[in-house]
Amino acid sequence: MIFLLGGNGFVGSGFARTLRERGLPFEIITRENYGDFVGKSCDLFINANGNSKKFLAKDDPKAEFRASVQSVRDTLADFKFGTYLFLSTSDIYPDCSSPELTREDAEIDVDRQSPYGFHKYLAELCVRHAAPDWLIVRQGGFVGPGLKKNAVYDILHGDKLFVHPESRFQFIHTDDSARLVLELLDKGVRNQVVNLTGRGTASAAEIMDLAGRKLPHPADALPVRYEISTQQAGELVKLPRTFDSVRDFLAPG
């Protein structure tokens, strides 16, 4: 049995669809039914929950700590599991601008982390401390059903860009991410941290071309780049290209 915490969310729903397609038995745990599962056992616990609003870590650090750290620590005590899968974030790295700076074995300088990244890192440490059998996946950007934010969403639904058009990002479809993470587990990858997102980057300008939209951007915006290392994951599973993930998501039908 698999427990999927946050299975109704944007990223978690990709796991729900993938598990359903594979015919694997699973239960979605939500805020409403959480108490019904406390003390129960599963073979695999997938934590796709937690706060994704980065601004909250600055605006209300206590609330964000509860959402990103305490909630994870609670699950480690509330449930019995064989393997614990924690879906983390590339914001763990103080600088996400290049693969050289974001290898999984890079030493994390907490003094340079964002408040959001620091809390997620504390959650990772809780998992490593309390779960004898675990996998931590640091994720990049996503496209997929239920997309509500990021540059792709702004290009599709907004009237302006919030970034320079030459800014570059990594994206992967939520369903592809779930499928590949489960492949890692099938291969026996355990007690490791793995970056998993699309290979390479796509610029906001390229995405606008794919979407057939041209949006203005702030005159003072400077290009930014988010590209974490995918070498380790790429040696274990076949990662899609960021450009292809975005193109296929935007394709009609």
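Does Thr201 count as buried or exposed, and at what relative accessibility? In this predicted model, Thr201 counts as buried because its relative accessibility is 12%, below the 20% limit.

View 1. Thr201 sits in the loop that links strand S9 (192-196) to strand S10 (202-203). The side chains of Thr201 and Arg168 are joined by a polar contact of 2.7 Å. Beyond its neighbours within four places in sequence, Thr201 is in contact with Arg168, Phe169 and Gln170, and also with Glu206, Arg225, Tyr226, Glu227 and Thr242.

**View 2. The open sheet of 6 strands.** The strands are ordered S2-S1-S3-S4-S5-S9 and their pairing is parallel. Strand S2 (26-29) and S9 form the edges, each pairing on one side only. On average, neighbouring strands of the sheet are turned by 20° against each other, direction ignored. Strand S1 (residues 2-5) runs parallel to S2 and is joined to S2 by 4 bridges. Leu5 has Ile29 in S2 as its bridge partner.

**View 3. Helices H1 and H7 against the strands.** Helix H1 (residues 10-22) packs on the sheet and touches S1, S2, strand S3 (41-47), strand S4 (80-89) and strand S5 (134-139). The direction of H1 makes about 155° with that of S1. Helix H7 (residues 174-186) lies across S3, S4, S5 and S9, and runs at about 150° to S9.

**View 4. The largest nonpolar core and Leu87.** This core holds 29 residues, of which Leu4, Phe15, Ile46, Leu85, Leu87, Leu135 and Leu196 touch the most other members. At least two residues come from each of S1, H1, S2, S3, S4, S5, H7 and S9. H7 gives the largest share, 6 residues. Leaving aside neighbours within four places in sequence, Leu87 is in contact with Val11, Phe15, Ile46, Asn47, Ala48, Val137 and Gln139. Another core, of 20 residues, lies apart from the largest one and includes Phe86, Cys126, Trp134 and Ile136.

View 5. A disulfide is a covalent bond between the sulfur atoms of two cysteines. The model has 0 disulfides, counting sulfur pairs within 2.5 Å. For Cys126, the closest cysteine sulfur is that of Cys42, at 18 Å, so the two are too far apart for a bond. Cys126 is buried, because its relative accessible area is 18%. Cys96 is likewise buried, with a relative accessible area of 8%.

Conventions. Residues numbered from 1 in each chain as written. Predicted model: local features only at pLDDT ≥ 70, side-chain atom pairs only at ≥ 80, totals over all residues. Heavy atoms only, no water. Buried < 20%, exposed > 50% of the residue type's maximum accessible area, 1.4 Å probe, protein only. Polar contact = N/O pair within 3.5 Å; in protein donor to acceptor, adjacent residues only side chain to side chain. Contact = heavy atoms within 4.5 Å. Pairing = 2+ DSSP bridges. Axes fitted to C-alpha atoms, helices over the stretch in contact; angles between N-to-C directions. Core = buried A, V, L, I, M, F, W, Y, C linked by side-chain atoms within 4.5 Å.
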